[in-house]
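Open the model in your viewer and keep the selection panel at hand. The stops below go one by one.

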Amino acid sequence: MWKLKIPQKAIELHKNYFMYAVVKSIKNAEVDKNNEYEVKVHDFLNQIISAQDTNNSNEKITCEDIAVGDYEKLRLFDSKIYSIIKDLNKENGCSENNEYSSFLNSVLKWFGYEEFSSLSNVNNVSRSIYHYIEDLYGDGRYDAQGNYYGWKHPADMKKWLQNWLNSKGIELKNYTKKYFEEWLVEVVFNDITIENYKGSLLEKIGMWTPTVLNILLNIKVCPYCNRQYITPIIINGKQLRGDLDHFIPKSRHPWLSMSLYNLVPCCHICNSRLKSNTEITFSDLAPYRDNVASQFKYVYDEIEGTIEAKAIDNTNLKIKKYLSLYKINETLKYHTDIPRKIFLRLQAYPYGYVQGLINQRIISEADRKSIYNDIIGCPLDEKDIDQEILGKLKKDMERQFRKLLDAEADSYHDEIDARADLK
Ligand SMILES: [Zn+2]
């Protein structure tokens, strides 16, 4: 809900992956020579890969733009692909035929999204370790065509790994190759969370998977609905994670299926049940560009006992589409207990009381954050609402009640003062 910031490390890892795996996959793609869409679009992609797109510099698209470019770059790339498609539609006098749908399926394969999203296998892990060693020692191993062909001596890799494990106090037993590889996956893909990713072998070797994207973005709750946990865990080689949404749907825009700005970790309901194939455009509210949370607020009706998500600016059609798409109001029916609980807790622990405890040094200023979190059930810092289920709702309720309770506290103190004056 709050604008997500992609860290530099994620940009680098994705770019590396794209330049290695995706570019190679596009280059070696099987193109149906009888399908004009495939032939023309593949030619265009090849021009980009070999940096031969000779348009003027503002309109130029590079491989890097497709990999890690922002929404403006992706919009430009998308429109270029569509102009090729439209020309062909005109020539053929039709569109959306079988030829076109098989073309869409092929492009998805060319970009290799399935490989990226599935669990990384032993080869993948080993390859990353090779790359890491290569980076360390600058020992490039490419054949004449520029294809990487791996570390020459598996024993060298084992030796490097042994040293790394020794430094961590982990024992490397004398396994056969098969068991060694199984064991390797278990070591690399085990017990990894947002909290301990840093310093893990997975981080060290720079593996790139959807789970690592979620870890680096540091989001625990679905950024669309703010209602479901998507906390990633890698355990015994299995990656437990939420869905990976394509903001601009990959079914109709498969050429954007491996673009970082188009990949959004989110919950299954938002991705597969609500968003599904809804046509989303680059103008819609986008997670890596817009602060959705600041464009609406939750309002509690104390008489009816209902909550409503309202656009702050009633003419803002984008936020209205957002609230309707993710069924924000409809799902609130399950959460009407939250405002009541927060109200009662705020009454039991008024702000003055907590401040008093701090003043009397019973609790420290640093404890304020966790006490606040316990009372309201949401983070103190507005920017952290994506770390807590319904964090935005809780925050807005607190704001609504604070006004009410502060007013009550004021009139109570006025009354005390008035009584004192009478005496
Ligand atoms: Zn969701």
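Two strands pair if DSSP finds at least two bridges between them. Helices (H or I, at least four residues) and strands (E, at least two) are DSSP runs, numbered from the N terminus. This is a predicted model: local features need pLDDT of at least 70, side-chain atom pairs count only at pLDDT 80 or more, and totals for chains, interfaces and linings use all residues. Residues are numbered from 1 along each chain as its sequence is written.

**Whole chain**

The chain holds 18 helices and six strands. Of its 423 residues, 29% count as buried. A residue is buried if 20 or more other C-beta atoms lie within 10 Å of its own, exposed if 12 or fewer, and partly exposed in between, with C-beta atoms placed from the backbone. Two residues are in contact if their C-beta atoms, placed from the backbone, lie within 7 Å. Take the contacts between residues at least 6 apart in sequence: 66% join residues at least 24 apart.

**Strands S3 and S4**

Select 243-246 and 263-266. These are S3 and S4. They run antiparallel, joined by four bridges. Pick Asp245: its bridge partner in S4 is Val264. Now look at the two faces of S4. Leu263 and Pro265 are on one side, Val264 and Cys266 on the other, and all are buried.

**Helix H2 against H4**

Select 36-49 for H2 and 71-92 for H4. Their axes come within 10 Å and cross at roughly 150°. Axes are lines fitted to C-alpha atoms, for helices over the stretch in contact, and angles run from 0 to 180 degrees between N-to-C directions. Angles under 35 degrees count as roughly parallel, over 145 as roughly antiparallel, 65 to 115 as roughly perpendicular and the rest as oblique. H2 and H4 are therefore roughly antiparallel. Show side chains: Glu36, Tyr37, Lys40, Val41 and Phe44 of H2 meet Ile81, Ile84, Ile85 and Leu88 of H4. By class, this contact of H2 with H4 has seven nonpolar, no polar and two charged residues. Ala, Val, Leu, Ile, Met, Phe, Trp, Tyr, Cys and Pro count as nonpolar, Asp, Glu, Lys and Arg as charged, and the others, Gly among them, as polar.

**Helix H2 against H5**

From H2, Tyr37, Glu38 and Val41 meet Glu99, Tyr100, Phe103, Ser106 and Val107 of H5. The contact of H2 with H5 divides into five nonpolar, one polar and two charged residues.

**Two loop residues with positive phi**

Select Asn218, in the loop between H11 (210-217) and S1 (233-235). Its phi is positive, about 55°, although it is not a glycine. Asn218 is partly exposed, with 15 other C-beta atoms within 10 Å.

Glu195 and Asn218 are 23 residues apart in sequence and 9.1 Å apart in space, C-alpha to C-alpha. Glu195 sits in the loop between H9 (177-188) and H10 (201-204). It is exposed, with 8 other C-beta atoms within 10 Å.

Last stop: Leu390, in the loop between H17 (367-376) and H18 (391-422). Leu390 is not a glycine, yet has a positive phi of about 55°. Is Leu390 buried or exposed? Leu390 is buried, with 23 other C-beta atoms within 10 Å.
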